[in-house]
Amino acid sequence: EIELAVIHRMQQQRAQACAGLSVHNQNHDSTAASAALNKLCQTYVAHKRGLRIFEGFAGQGSLAKAFNDQEIGQLVGFSERCPVLRSYLQRLHPSARAFSDHRALTAADLRALKPDVFCCGPTCIDYSTANSSAKGTAGKHGKLYFESVEPAIEAGIPVLLVECTSGVRQA
């Protein structure tokens with residue numbers, strides 16, 4: 001439900017940004033406004049070149065999109081438990097391999113995908129300072145931080161980018 005709310009809010013913000021470009025005023029240049037609107041609302045193009053990226057706990061795939069938008073990377077695989085977000089990423093990157101559970105990912109899977117970069121942001125609720133009952137490694141998701149990178153280390157992926165809250169560094 002939260003994921004859907006985030007996606008919906010992002011769509012609203014994009015629609016507002018696009019609508020703002022069409023407001024009429026005496027200085028309006030319809031050609032420039034159309035060009036700006038087309039640039040802002042262009043269709044997402046998944047590139048097939050550059051670094052090979054695997055994004056764990058991908059959500060909407062922000063890191064993969066950043067690599068893609070700069071034309072320096074392509075998404076070859078991702079993990080995401082939310083079926084709505086997983087489906088969204090599969091539509092954007094149909095050739096990327098999807099995993100519905102990051103814990104099912106193995107070093108053999110990663111060796112087959114041959115990523116140059118492994119990035120992930122595991123669930124942080126057991127470390128977050130916003131959670132007054134955070135339990136660290138004793139919590140339900142507490143070991144995900146440590147377990148999420150094990151397949152990447154075992155597979156020998158050269159670059160690991162892992163989102164890390166301050167609570168994890170203290171564990």
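A salt bridge is counted here when a side-chain nitrogen of Lys or Arg lies within 4 Å of a carboxyl oxygen of Asp or Glu. Side chains of opposite charge can pair when their charged atoms come close. The structure shown above is a predicted model, in which local features need pLDDT of at least 70 and side-chain atom pairs count only at pLDDT 80 or more, while totals for chains, interfaces and linings use all residues. Residues are numbered from 1 along each chain as its sequence is written, and side-chain values use heavy atoms, with hydrogens and water left out.

Across the whole structure, three salt bridges are found. In one of them, Arg97 pairs with Asp109, with 3.4 Å between the closest N and O atoms. This pair links distant parts of the chain, as Arg97 belongs to strand β3 (residues 97–99) and Asp109 to helix α5 (residues 107–113), 12 residues apart. Helices (H or I, at least four residues) and strands (E, at least two) are DSSP runs, numbered from the N terminus. To describe how covered a residue is, buried means under 20% relative accessible area, exposed over 50%, and partly exposed in between (1.4 Å probe, protein chains only). Arg97 has a relative accessible area of 38%, so Arg97 is partly exposed, whereas Asp109, at 13%, is buried.

A salt bridge also joins Arg49 and Glu71, whose closest N and O atoms are 2.7 Å apart. Here too distant parts of the chain are linked: Arg49 sits in the loop between α2 (30–40) and β1, and Glu71 in the loop between α3 and β2, 22 residues apart. Arg49 counts as partly exposed because its relative accessibility is 42%, and Glu71 counts as partly exposed at 41%. Glu71, which comes just after α3, also takes a positive phi of about 60°. Asp101 and Arg103 form a salt bridge as well, at 3.1 Å from N to O. Asp101 is partly exposed, with 30% relative accessible area, while Arg103 is exposed, at 61%.

Helix α3 (residues 62–69) comes next. Its buried residues are Ala64, Lys65, Phe67 and Asn68. These residues cover an arc of only 160° around the axis, so they lie on the same side of α3; the arc is that of the directions from the helix axis to the C-beta atoms. An α-helix has 3.6 residues a turn, so residues three or four places apart point the same way. The buried residues of α3 pack against β1 (51–56), β2 (73–79), α4 (83–92), β4 (117–120) and β5, where contact means heavy atoms within 4.5 Å.

Rings of Phe, Tyr and Trp (its six-membered ring) pair if their centres lie within 6.5 Å; planes under 30 degrees apart count as stacked, over 60 as edge-to-face and the rest as tilted. By this rule there are two aromatic pairs. Phe54 and Phe118 form a stacked pair, 5.6 Å centre to centre with 0° between the planes. Phe54 lies in strand β1 and Phe118 in strand β4, so this pair ties together parts that are 64 residues apart in sequence. Both Phe54 and Phe118 are buried, and ring pairs link Phe54, Phe99 and Phe118 into a cluster.

Finally, strand β5 (residues 159–162) contains Val162. Val162 counts as partly exposed because its relative accessibility is 32%.
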